[in-house]
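Student: Can you take me through this model? I will ask as we go.

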Amino acid sequence: MIKIKKLSKFYGKNQVLNSIDLEFEKGKIYGIVGENGAGKTTLFRCISGLENYKGNISYDNTKLKDHLGLLLTEPFFFSKITGKEYIQLLANTRQIELSNIENKNIFDLPLNQYASTYSTGMKKKLALTAILLQQNDVFILDEPFNGVDIQSNLIITEIIKRFKELEKIVIISSHIFSTLANTCDEIHLMKNGEIIKKVKQVDFNNLEKEMKEFTVGNRINKLELK
Amino acid sequence: MIDFGLPLLIGYTLLPFVFVLLSNYLFEKTEFANYIYGLLAVSFVSKLSEPKRNDFLKSIFNKYNYKKLRILENIIYCLPFTLFLIYQKQFLFSVILNLCVTIIMLFNFSTNLNVTIPTPFSKNPFEFTVGFRKTFYVFPIAYFLTYISVTVGNFNLGVFSMLLIGITCFSYYSKTENEYFVWNYNLSSKEFLLEKMKTCLTYFSILSLPIIITLGISFFNQIDILIVFIFLCYAYLTTIIFAKYSSFPNEMNMSKVILIGLSFMFPPILLIFIPLFYSQSIKKLNTILND
């Protein structure tokens, strides 16, 4: 179980995360939603240890980072490295012996091409494949469905569901509510660096309605569209 | 503002002096300087011909303004070279150069080849995988120089060819990778640095082995000097790895670059730099690897 207690993050004087308390259990899928700038990515970076923070994050008395697969919103790629080598690189970092990478290419990516020439969606799929093959116990997926085609969307959704059976912890952020409703056991709503609501699966429909009313409201009327 | 460890204002002031110094050096050293200088200028200007960039400009400006803008930016980009050619009284070359960069405006091309170049280092990315693809042409040149050194009996040329490989491998560690690729390692800072060192020294040894064996056999009486140079290469490669991670995740600052540059004049100083950079690297890596 991952336990987060009183997690706060400041950039200079600007407080980005404000005393967040969260618990993530094994075999459960968690969604984090919120507007742009709500603090989702910063929260993920703090959990993964890429940022310094105030507060406490613990994971079964072991180093969380070494069991964590982190999918960044915009994965970074070297200029002259192929898809296959990218997967190999990430496997090497965890001392995982990989054989027959082509057989594990579930998204049918052109693995012998330079990864930097891939489209946004292909890059995302490659980065996801690489962290899946790292055999992690915890996954943080920041916008995994962004720019990804509908077929791959279905595959990713099924992978996430499979993780539940495998007792993994999965934390996802997405701006597409339906993908979260399909996969998550619990959704946390973030605003201005705080968790303002935790919603269980049975209340997802109400949450979507609430979010729509809260976010959309009568904003569009201001445009006076004709 | 500070970049590369230097205040920008000082950097911008120094830049023209460095340019003039290097240009002068080139014109003093070779009679073909005009041609080399022209090629340098054209390759520099050709960066502006990237298709994506030009598609963007075309979407903003109409045809006439686009052409005007492209001619102007190519000529401005090439201006330092033109001025130096005029200073060298190479009027014809400066006119030809400006004509060339004006014609280049008509073509949009990518300066990056996207053909996947095979590499023997695929299994252990990324430094040598990426580096080899960028500098693959250096190795046949180095091996050819070794062959010449043996045929003409010039040991120094042979050592130079090995140093050429050393410098090439050295350059693979000059750029800092994204912190994600360090964070991913489930090693301690010490283990991480040892792993990087092991990969680097092994691959350098593999690449320079044909030269070492050839020189060892052909110039057996000078093998002690050869061994000294091999160890110097190892020492410098170790230094650059430690220096790189001693500033991580930032780029190596200018003061470190200068220190390493000065050490080429007095290599024993590496005995101070290596442990110093090592301890700084451990500190920096501890924060990323949560050690």
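Predicted model: local features only at pLDDT ≥ 70, side-chain atom pairs only at ≥ 80, totals over all residues.

Student: How many bridges join strand E3 of chain A to strand E8 of chain A, and which way do the two run?
Tutor: Five bridges link E3 (residues 28-34) to E8 (residues 186-191) in chain A, and the two strands run parallel. Residues are numbered from 1 along each chain as its sequence is written, with chains lettered from A and ligands numbered from 1 in the order in which they are written.

Student: What is the bridge partner of A:Ile32 in E8(A)?
Tutor: A:His188.

Student: And what sheet do these strands sit in, in which order?
Tutor: An open one of six strands in chain A, ordered E5-E6-E7-E3-E8-E9, with mixed pairing. Two strands pair if DSSP finds at least two bridges between them. The edges are E5 (68-71) and E9 (194-200) of chain A, each pairing on one side only. On average, neighbouring strands are turned by 15° against each other, direction ignored.

Student: Which strands does helix H1 of chain A lie across?
Tutor: H1 (residues 40-48) lies across E3, E5, E6 (138-142), E7 (169-173) and E8 of chain A, at about 155° to E6(A). Angles run from 0 to 180 degrees between N-to-C directions, and axes are lines fitted to C-alpha atoms, for helices over the stretch in contact. Contact means that C-beta atoms, placed from the backbone, lie within 7 Å. Helix H3 (residues 120-132) of chain A also packs on the sheet, touching E5 and E6 of chain A, and its direction makes about 180° with that of E5(A).

Student: Switching to chain B: at what angle do H10 and H13 of chain B cross?
Tutor: Roughly 110°, with the axes of H10 (residues 189-218) and H13 (residues 270-289) of chain B coming within 9 Å. That makes H10(B) roughly perpendicular to H13(B), a term for angles of 65 to 115 degrees.

Student: Which residues of H10(B) make that contact?
Tutor: B:Ser189, B:Lys190, B:Phe192 and B:Leu193, against B:Ser281, B:Ile282, B:Leu285, B:Asn286 and B:Leu289 of H13(B).

Student: Last one: how many residues of chain B are in contact with chain A?
Tutor: 19 residues of chain B, in contact with 23 residues of chain A. H6(B) gives the most to that side of chain B, with four residues.

Definitions and conventions: Contact = placed C-beta atoms within 7 Å. Parallel < 35°, antiparallel > 145°, perpendicular 65-115°, else oblique.
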